[in-house]
Amino acid sequence: MKTEKIILGIDPGTTIMGFGLIKVVGKKMQFLQLNELQLQKYSDHYIKLKLIFERTIELIDTYHPDEIAIEAPFFGKNVQSMLKLGRAQGVAMAAGLSREVPITEYAPKKIKMAITGNGNASKEQVAKMLQSLLGIKTLPKNLDATDGLAAAVCHFYNAGRVEVGKSYSGWASFVKQNEKRIKK
């Protein structure tokens, strides 16, 4: 079993794509980096998608993440915004899939809950908790980067959990269906 892995977390967006990387050694996580891809200056939506794809590929080729955690678009009232966010998420996912990196998607509330214990926490609360957990000296001005990092940390906290949708009739059933995980 591999005792070390790198997780890339992405908060997709068409204005700012936030991302963060952590290294997991055994059962401890270490902060690697957080940053953002600024896209405001581009008016062409297709150029933005191309840049999201290229930056995600660049991150994968540079850091060689073992897994990618990506924030799912939240359901808002503006259909056009949802469509654009979905496309941004899709191209980031396509970049990961093109490099055969496994991807897990997390709802924003699940990420906030994993980091702060409160699914309705503010971006600032999530950022402060990450700063404390990972010893980050200074937080970025925009918190999209910490949102990306939060996705990676959420994925770390959810590693090895039983997948939703499986059902067990008892302990023996659980052990039988999870033998590979238990032996790790």
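Leaving aside its neighbours within four places in sequence, L134 is in contact (heavy atoms within 4.5 Å) with I22, M29, F31, L149 and V153. The model is a predicted one, in which local features need pLDDT of at least 70 and side-chain atom pairs count only at pLDDT 80 or more, whereas totals for chains, interfaces and linings use all residues. Residues are numbered from 1 along each chain as its sequence is written, and side-chain values use heavy atoms, with hydrogens and water left out.

The protein contains seven helices and five strands; helices (H or I, at least four residues) and strands (E, at least two) are DSSP runs, numbered from the N terminus. From the N terminus on, the elements follow the order β-β-β-α-β-α-β-α-α-α-α-α. Of the 184 residues, 41% count as buried, where buried denotes under 20% relative accessible area, exposed over 50%, and partly exposed the range in between (1.4 Å probe, protein chains only). Among contacts between residues at least 6 apart in sequence, 57% join residues at least 24 apart.

L134 is also one of the residues with the most contacts inside the largest nonpolar core, together with I22 and L130; this core has 22 residues. A nonpolar core is here a set of buried Ala, Val, Leu, Ile, Met, Phe, Trp, Tyr and Cys residues joined through side-chain atoms within 4.5 Å. Two or more residues are given to this core by each of strand 2 (16-25), strand 3 (28-38), helix 3 (108-116), helix 4 (123-134) and helix 5 (144-158). Helix 5 supplies the largest share, eight residues. Apart from this core lies another, of 18 residues, including F19, L37, L39 and L59. In soluble globular proteins, nonpolar side chains tend to be buried together.

Helix 4, in which L134 lies, packs against helix 5 at an angle of about 60°, with the axes 10 Å apart. Axes are lines fitted to C-alpha atoms, for helices over the stretch in contact, and angles run from 0 to 180 degrees between N-to-C directions. Helix 4 and helix 5 are therefore oblique to each other; angles under 35 degrees count as roughly parallel, over 145 as roughly antiparallel, 65 to 115 as roughly perpendicular and the rest as oblique. The crossing of these two helices is left-handed, a term applied if the near helix is turned anticlockwise from the far one by less than a right angle, with right-handed used if the turn is clockwise. On the side of helix 4, the contact is made by K123, V126, A127, L130, L133 and L134, and on the side of helix 5 by D144, T146, D147, L149, A150, V153 and Y157. The residues of this contact divide into nine nonpolar, one polar and three charged. In this division, Ala, Val, Leu, Ile, Met, Phe, Trp, Tyr, Cys and Pro count as nonpolar, Asp, Glu, Lys and Arg as charged, and the others, Gly among them, as polar.

Helix 4 also packs against helix 3, at an angle of about 40° and with the axes 9 Å apart. Helix 3 and helix 4 are therefore oblique to each other, and helix 3 passes helix 4 in a left-handed crossing. K112, I115 and T116 of helix 3 and Q125, V126, M129 and L130 of helix 4 make the contact. The residues of the contact of helix 3 with helix 4 divide into four nonpolar, two polar and one charged.

E4 lies in strand 1 (residues 4-11) and, at 37% relative accessibility, counts as partly exposed. The C-alpha atoms of E4 and V25 are separated by 4.5 Å, although these residues are 21 residues apart along the chain. Leaving aside its neighbours within four places in sequence, E4 is in contact with K23, V24, V25 and D66. T14 is located in the loop between strand 1 and strand 2 and counts as buried at 13% relative accessibility. With neighbours within four places in sequence again left aside, T14 is in contact with L39, H45, K48, K84 and A88.

Two non-glycine residues with positive phi were found in loops. H64 has a positive phi of about 50° and is situated in the loop between helix 1 (45-63) and strand 4 (67-71); at 55% relative accessibility, H64 counts as exposed. E100 has a positive phi of about 60° and lies in the loop between helix 2 (79-98) and strand 5 (103-106). At 74% relative accessibility, E100 likewise counts as exposed.
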